[in-house]
Each structure stands twice: as structure tokens, then as C-alpha cells.
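Hello,

My notes on what turned up in it follow below.

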Amino acid sequence: MNAVQRHHLRIAWWMILPCTVGLLCFRLFPILASFLISFSDWNIIGIPKFVGLDNYVEALTSPLGVKVLLNTVQYAAVYVPLATILGFSLALLVDTGIRGVVFFRTLYFLPFITATVAVAISWKWMFATRFGILNAFLSWLHLSDPIAWLSNPNVALFSVTVVMVWKDTGFYMVLFLAGLQTIDRTLIEAAKLDGANRFAIVKDIILPQLAPMTFFVVLIAMINSAKTFEATISLTNGGPNNASTTLGYAIYQNAFVHFDMGLASAQSWVLCLVVGGISLLHYRLQQRKS
Amino acid sequence: MKKLLKICAALSLSSAILVGQVFAQSESVLKYMVWSDSELERERPMIAAFEAANPGVKVESSAMPPKDYWPRLSALAAAGDLPDVFWMSSGFIQSWQADGQIDNIGDKVAGINEADWYGGAISVARLAGGVYSFPKNWVAPVLYYNTQMFDEAGLEYPNSNWRYDDFLKAAKALTKDTNNDGTPDQYGYWVYGRYAHIEPWVFRNGGNLLNKDRTKLAPDAAAMEALQFVTDLANVHGVAPKPELMDGIRQQDVFPMGMAAMWVDGSWNIDGVRKTAGPDFSFGIAQVPMGPSVNKNNAVGYAWSDMMAVAPTTKQRDLSWKFIEHMTGSGNKVENFGGGKVPAYRPIAESDAWLERDKFPKNKEVILEIGLGQTTTSFTPNWSKWRGYAASAGGGMNGELDKVLNGRKSLQDAVDSFVEYGNSVLSSN
């Protein structure tokens, strides 16, 4: 390395220094600190007390901890397939050259770029038991007594899930749309000439060709489902009786409402391991497939 | 020449820094932090008056909403950088005192004439043999009633001698299904599992949710009697809607929107009722009815205060106390206490200006009666966790009682659940 190269290298180091320092101070250090805090009983204003694995035991075995984990799984079990299938279906619908399709693409994408809190408040009005439009519609059809969409423990989590599926589907649609653009159109034309119907084309050509994108969408949807927070705080506050409290929301509650930083950190690491595990599984599966 | 210029420049710079430091040293900066932007704006003239009366003192104030205030204040405490004076709530004072993050100002409080302040408001801050904050105002849940609905039903207005039975009789008469669709259009009462909706009934029946030293949840017979009465209002008597029926309506809007004739909540809601329903909405207030287990002498009111605390790290302890005395006492103005927030300083609270005879409710002295009587609270360290409050209102005791009020769980099962959970929270304190 000559003097000029060394000089350029020095400049490069100086250029990335602020970003690196920021990354170390505001990302890496808090991550490492949270790992240490997860073994302590700490309310921010007091002195941390070492409690070993107590916080992990509470997060994984206490009745509330188990409920939160089950809610998170239940949320993901509905959100991921629903958002993926709807995103894919919408992508197929708007992947045409007909007039006005750009309008519909924009329309379906709009909820995604709308603030979650605004979306949640609008849905909250629609979900209102006595005066909400959903129950008014059901009543008009004589289908059901008013449903407490946000207060019935059997329905509340599903309601939150539906709102987030409605909001995020447009994003997954765009991802699938990008995948569809990469498919060789001659394959589809050839299949049509061979007499394949629309269903067969989707099943035998589009879906296999979209496999990498589908993997990606499922992964992103799973990660998003584990992080859900804004819709929960705006719609249900985690209620009724924690029926809609998922891991992301429980971390917020424990950290910034109850100031139980130890438990919140332990739950964060559980969440990190879950998301990391899913990502690893996804990576392995994709490697095996390729 | 160049050298001379450099020396001149260096000298000028040094002088400027020196002058700046001298000015900075001659000005004492008192840091002050609160949880309400609007209240800080109202306090600005008082702060200015304090600065004018204390030349060389500058009050550096900041405000943020409660959900940001506590995390921020906690972070400052952890960093050893607390503001000199900050607001303290009755729900957090126990934890902050236990962790040594608020100063014992007992010596300063000993120097005031306590008779000028409401004793109950100060007693919230008496912990571990000291006084760890000083009240600026206090609040108490009261029974709100819609006078027009009472007049239409030909009923006498509630008064502070009312018993549970008197209340139930009125609530039944005020519950009306005018279109005969099976769902009342007007309920006699509105309640859900919120602390300000439930605890007043417990205390006014002489009950306790906690054991004597507040280390365990142990609802006694009088508390159970009160809980049974309140939950029966929705489940047995049908005079209150199931809380889930009111989804989509802010809880504080049910009464001013005329959907319920009575409501128990904090006195601070007087301001909200006026704003939501307008100045012509006629309503009154009374003390929460007494249960069958008490007589007038041993019924206990529920009241708590908002306070000002001094940081243990402050280097201006005397000045901090002087500021608190000014802000809470005679330096305060009645305009700073909208509606049902009661000034802790009695001469202001008991003035005609605070009583607001020209506005509804026209009997605000009811709140003062509560403050002069025996009062209590159920606050403990980690209260919000076991009680279910703010962003965790969906859980804890609140969540369990909502299940009962919605007819999904028996009261005994709900009590067993929240006692077990609450005690697991309290045992970790």
C-alpha cells in the first residue's frame, strides 16, 4: 500500500467513524446491555439486582408469559398465511396491462403507507359495539347479535390481526408484483398455447417461479407479526385481560409502563431468538431448495 | 504584526469565555420538569413571578405527556441528572422513595403551617418517617349525576348520605328503553374495571383491597361486598351497560353524552364533562354512596395528590423548597386548577373563585368535604401492574373485573385470579 492509498484509507476511516461510533453506542451497546440486564431485577431508578434466569423462567413459564407467547403464535398463524395469500392474490389481479390498473395498485398500497395509529383509530370506530358500521351491517343482514370485536377475549386478537393484514397486504402485493415481473412471459404464453387454464398456470408456473419471493414474503411477514405493537396499543391496550397482548406489546408494557427492565430484556431476547430461528430456518430451506 | 494579531485574538477569546463564565455563575438555574404542557403554560406567570422575586434565579422548565414523562425521568434518575424539582404522582412515590430518588423534605415541611394545607394531600407523601414530596393539588372520585334526567324521573338528587340501596333505586328508575328494542337507550349508571370506578365503592363500604402493610392483596369481606354490589349493577340489575357494549366510545364521554345518568370517576373530569357536553349541561356531584358495612363516621373517601419532589442530587435544596412553597402555596392562582382539581393550599381551594358557583356542578364543596374527611388509597410499588392501568389497563384487576362486568366470569374466580397475579407482583417488590 503506497502513501496515497494509505491517505485514502485514513480518510475513509474518518468518514465512517461517526456512523460506526453511532452504531456501537446506540445499537451494539444497548443490545449487549439488554442481554446483561435480562439477568437482573432492575426498574431503571434503582440498583440492578442479579436474579439469574428468573426473568427467562417468568417469560416462558408464568401464566401471563405463556399467554403472551401463545397469543404471539396465534397472531402469526393467522397473519402470515392471510397476508401472504391476499398479497399474492392482489398481485395477480393487478399484474395486467388493463387500463386503470395503476390506480388499483396505488389504492391497495395506500393502507401500508398510512400511519398505523390512524388506521387503528378508523377501525376502532368501525369495530364499535353499539354504533360501529360492522355490527350495523351484521344487524341489517340479521346475521348476528352485536359482536364486541375488541372486548370479547375470543375475538379481540383476531380483530387486531385483521386490521394489520388489511394494512400490510399492499406491501406484500408489491413484493409479489416485483417477483411476477421477473417471470419469463414466454413460459406462460407457451402454457396457454398448450391449453393450460389460469389455475394451472398459477399452480405449475407462477408459484414455482415465485418460490424465492414467497419465502422472502413469509419471512418478512413472520418478523412483522412478532413485532406488532402500534395496532395493539391503539385498539385494545393488550386487553381484554391480556387476550391480545403479544410479545412486542408485552415488552413495551414491561419496559415503559411497569419499568421491569429485566423481564422486558428477557422477553426481547426470546423475541430475538424466535425471529433469528425463523430467519435461520428460512435460510437453510432456501439453500436446500437451490 | 501577525503574532500580535494572534495574541489579541487569543486574549479576546479568553476574556469572552471568562465573562461568560462569570455571568453563568451569577445566575442560578433551577431545573423543573412536569408531565403536562398545558399546565406548564398556565404556570408560566407564577414561574416568572418567582424569578422576579429571586433575582439571579432562572427556572429552566420542561414538559412532556405522562407516557413519556416517567421513562424520561427514570432515565435521568439512572444517569444521576434529575431536575432539581419535578412532579411526583401518588402512584409512583413509593417506588421512588424506596429507591432513594426523592429527597426527604420533612425538615422543610415542619416549618410551614400545615393547617393551611389539606392534611390528606400531604399524608400521601409521608413515607418511612419522612416527607418525600409536597402536594400542589389533590383529586377525589365523586358521584356525577345528570340533574335533568333526575328531574324528568321525578327523583331527588343524590346526596352524601346516600346508601347503596338509595343509589340502586335511582339507577333502576333512570334506566330506560324508550324504543323497546331490549337495549336501554339511557342507563342509570356507567362503570367498568377502572380504579377510579371501583375503589371508591370499596372504601365507602369500609373495605380494603390490601393487607395493613400493603404487601399483599387481600380483599376483606366489606371489599367483596362492594365488588359484588358494583358488578351486580351490570349483571343482575341491568342498570349499567356491560362495558363491551360501550366499545368505541371514550369512557369519559358516556356520562356527558347522556348515555348514563350517573357515573363515578375522578373529580378532575368536571373539566372534561363541561368541554364535552357544553356549559349548559346540568350536572351535580355527591360523595359516592355508603355501603351497608359502614356508618357515616367510618366511611372512607378515596383521594390522592399530585406533588412536587426535590431531587436528592440537587445542589440547590433551599432554593428548590422555596420554589415548591411558591408554586404550591400563596403564589399559586385559582386559574391553574381547572374543574375538579383541588388546590392543596386551603385558602385558594376554599375561595369563591374555585367553587365556581356560576358553572355546573354548583356544589363543588362536596369535593372539599372529602378532603377534610378520612381518606385512603390503594397505591403500592408496581401498582399500575397489578391494578391494570394506562397502557396495561387491559390486564390486572381491571381486566378481571371487566370480565365479570361483561358476564364472562364469576366475581369469586376473578378475585382469585387478580389476587394471585397481584401477589406475585407485590412479592417481587
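Between chain B and chain A, 12 residue pairs are in polar contact, both partners having pLDDT of 80 or more. Please keep in mind that this is a predicted model. H3(B) gives the most, with 6 residues. Sorted by class, the side of chain B that touches chain A holds 17 nonpolar, 13 polar and 8 charged residues.

How many salt bridges are there between chain B and chain A? The count is 1. For that salt bridge, look at the side chains of A:Asp260 and B:Lys385, which meet at 3.3 Å, N to O.

As for the extent of the interface, 38 residues of chain B and 32 residues of chain A take part in the contact. About 2,600 Å² is buried between the two chains, and carbon and sulfur atoms give 55% of that area.

Now to the domains within each chain. Chain B is divided into domain 1 (29-139 + 304-355) and domain 2 (141-302 + 382-427). Their centres, taken over C-alpha atoms, are 30 Å apart. In the contact between them, 7 residues of domain 1 of chain B meet 9 residues of domain 2 of chain B. The area buried between these two domains is about 700 Å², with 67% coming from carbon and sulfur atoms. Which three residues stand out on the domain 1 side? B:Val139, B:Trp304 and B:Gly340 supply 60% of the area that domain 1 of chain B buries against domain 2 of chain B, more than any other three residues.

Between domain 1 and domain 2 of chain B, the count of salt bridges is 0, and 1 residue pair is in polar contact, with both residues at pLDDT 80 or more. The side of domain 1 of chain B that touches domain 2 of chain B is made up of 2 nonpolar, 4 polar and 1 charged residues.

Chain A also has two parts, domain 1 (1-28) and domain 2 (45-289). The centres of these chain A domains, again over C-alpha atoms, are separated by 39 Å.

Finally, some backbone details to look up. Most residues other than glycine have a negative phi, and most peptide bonds are trans. In chain A, a cis peptide bond joins A:Gly239 and A:Pro240, with omega about 0 degrees. A:Pro240 sits in the loop between helix H11 (230-235) and helix H12 (247-257) of chain A. Chain B has a cis peptide bond between B:Phe360 and B:Pro361, with omega about -5 degrees, and B:Pro361 belongs to the loop between helix H14 (352-355) and helix H15 (365-372) of chain B.

Two non-glycine residues with positive phi are worth a look as well. A:Ile44 has a phi of about 80 degrees and lies in the loop between strand S1 (40-41) and strand S2 (49-50) of chain A. Is A:Ile44 buried or exposed? A:Ile44 counts as buried because its relative accessibility is 9%, under the 20% cut-off. For B:Ala128, phi is near 45 degrees, and the residue is found in the loop between strand S4 (126-127) and strand S5 (130-131) of chain B. B:Ala128 has 66% relative accessibility and so counts as exposed.

Best wishes

Notes
Residues are numbered from 1 along each chain as its sequence is written. Chains are lettered from A and ligands numbered from 1 in the order in which they are written. This is a predicted model: local features need pLDDT of at least 70, side-chain atom pairs count only at pLDDT 80 or more; totals for chains, interfaces and linings use all residues. Side-chain values use heavy atoms; hydrogens and water are left out. Domain bounds come from an automatic or database domain assignment. Contact means heavy atoms within 4.5 Å. Buried area is the accessible area (1.4 Å probe) that two parts lose on being put together, summed over both. A salt bridge is a side-chain nitrogen of Lys or Arg within 4 Å of a carboxyl oxygen of Asp or Glu. A polar contact is a pair of N or O atoms within 3.5 Å; within protein, one must be able to donate a hydrogen and the other to accept it, and residues adjacent in sequence count only if both atoms are side-chain atoms. Ala, Val, Leu, Ile, Met, Phe, Trp, Tyr, Cys and Pro count as nonpolar, Asp, Glu, Lys and Arg as charged, and the others, Gly among them, as polar. Helices (H or I, at least four residues) and strands (E, at least two) are DSSP runs, numbered from the N terminus. Buried means under 20% relative accessible area, exposed over 50%, partly exposed in between (1.4 Å probe, protein chains only).
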